[in-house]
Amino acid sequence: MTDNNHNPIVKRLIIPLHDNSEFFSDNADYAVIDLDTALIERIKKLAVVVRQVKAYKISEFNFACDFRTVDWDIKPDKGKVALKEFEGRMECSTLNVTDSDFFWSGYYKHTDVRWETDTVLINSLDEADILDEREACGEKEDAA
């Protein structure tokens, strides 16, 4: 697996998305982020800088998120909800790094509805497997 710049993907995150509107219905449910070595190192370095300057967080524009919605019409994926491409658009996507975790935030295009992913602990970047926080759904497939 490689990213758009042909860098090898080291870790995939599938994390829930939340927004600040109880009335907005055209929303994404999850962000899928493929992290290459360069982005992992960038996140770790920003966390060090946050500690050094005693800041709450550092934010920078970052468009690594691929947004998805739950697809209730197809079979669950390994016991978790299946996902399909999000039809809407996002803007002002930022990576936000604190001293111990990170998350993405932004706005739904042409709205004032702000979205934010769940936070991810920086030490989870050292784990080799996928961080998949999709909702469990149905029965798990039998291990063959």
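Trainee: Is R68 buried, partly exposed or exposed, and at what relative accessibility?
Mentor: This is a predicted model, and in it R68 counts as partly exposed, at 24% relative accessibility.
Trainee: Which side chain does R68 meet in a salt bridge?
Mentor: That of D66, at 2.6 Å from N to O. D66 counts as partly exposed too, because its relative accessibility is 32%.
Trainee: OK, how many salt bridges does the structure hold?
Mentor: There are 8. One of them pairs the side chains of D126 and K44, with 2.6 Å between N and O. That pair links distant parts of the chain, 82 residues apart: D126 sits in the loop between β9 and β10, and K44 in helix α1.
Trainee: Is D126 buried or exposed?
Mentor: Exposed, because its relative accessibility is 57%. K44 has 23%, so it counts as partly exposed.
Trainee: And what does R134 pair with?
Mentor: The side chain of R134 meets that of D132 in a salt bridge of 2.7 Å, N to O. Salt bridges with shared partners join D77, D132 and R134 into one network. R134 itself counts as buried, because its relative accessibility is 10%.
Trainee: Switching topic: what's the mean pLDDT of the chain?
Mentor: It is 89, and 90% of the residues reach 70 or more.
Trainee: Where does pLDDT stay under 50?
Mentor: Over residues 140-144, for which the model has 4 contacts beyond four places in sequence.

How values were computed: Residues numbered from 1 in each chain as written. Predicted model: local features only at pLDDT ≥ 70, side-chain atom pairs only at ≥ 80, totals over all residues. Heavy atoms only, no water. pLDDT = per-residue confidence, 0-100. Contact = heavy atoms within 4.5 Å. Salt bridge = Lys/Arg side-chain N within 4 Å of Asp/Glu carboxyl O. Helix = DSSP H or I, 4+ residues; strand = E, 2+ residues; numbered from the N terminus. Buried < 20%, exposed > 50% of the residue type's maximum accessible area, 1.4 Å probe, protein only.
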